[in-house]
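Here is a short briefing to read alongside your structure. Take a look at the model first, and then walk through the points below.

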Amino acid sequence: MEKKIQSVLDRFSYGIYLVTITTAEGVNGMIASWLTQCSHEPPRLALAIRKNRLSHAQILETKKLCVNVLPRSFAGSIKKFKITAWKSKFDMVSHSPSPGGLPVVDECIGYLAVSYTHLRAHETVLELVCRLL
């Protein structure tokens, strides 16, 4: 990649986000690598979730999710959310329910409970636009 292009890409800001879901079967969490604010008024978030992920089906079912903004110090711990045994992802992570019952990681620096208002499906990814609850 050209250094000029890379120098611009290096200025993009990235965060560590964990999307959490509560279903009748339990709680789940997934690492969100594509998440952005897409509207200021009304406040809206946009995120992309691969269609082959369990979280995709769970979000479509419940229509609610929680975006946990995590500190850099959590970067090593986030690997726990890559395992396939979804019911044990929170076993070693302290968390509490939001007022709406969605998992909030105790170490997060902030969270937003949201419900999706629009979705657009692509071949491999589902894009969601969410409103704050």
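Strands here are DSSP runs of E with at least two residues, and helices are runs of H or I with at least four, both numbered from the N terminus. Please keep in mind that this is a predicted model, where local features need pLDDT of at least 70, side-chain atom pairs count only at pLDDT 80 or more, and totals for chains, interfaces and linings use all residues. Residues are numbered from 1 along each chain as its sequence is written, and side-chain values use heavy atoms, leaving out hydrogens and water.

- Ile78 sits in the loop that links strand S5 (64–70) and strand S6 (95–97).
- Ile78 counts as buried because its relative accessibility is 10% (buried is under 20% relative accessible area, exposed over 50%, partly exposed in between, with a 1.4 Å probe and protein chains only).
- Leaving aside residues up to four places away in sequence, Ile78 touches Ile16, Tyr17, Ile31 and Leu70 (contact means heavy atoms within 4.5 Å).
- Ile78 and Ile16 are 62 residues apart along the chain, and their C-alpha atoms are separated by 8.5 Å.

**Cysteines**
- The whole structure has zero disulfides (a disulfide is a pair of cysteine sulfur atoms within 2.5 Å).
- For Cys66, the closest cysteine sulfur is that of Cys108 at 7.2 Å, which is too far for a bond.
- Cys66 is buried at 0% relative accessibility, whereas Cys38 is partly exposed at 43%.

**Aromatic rings**
- There is one aromatic pair (rings of Phe, Tyr and Trp, the last by its six-membered ring, pair if their centres lie within 6.5 Å; planes under 30 degrees apart are stacked, over 60 edge-to-face and the rest tilted).
- The ring centres of Phe81 and Phe90 are 5.1 Å apart with planes at 75°, so this pair is edge-to-face.
- Both Phe81 and Phe90 are buried.
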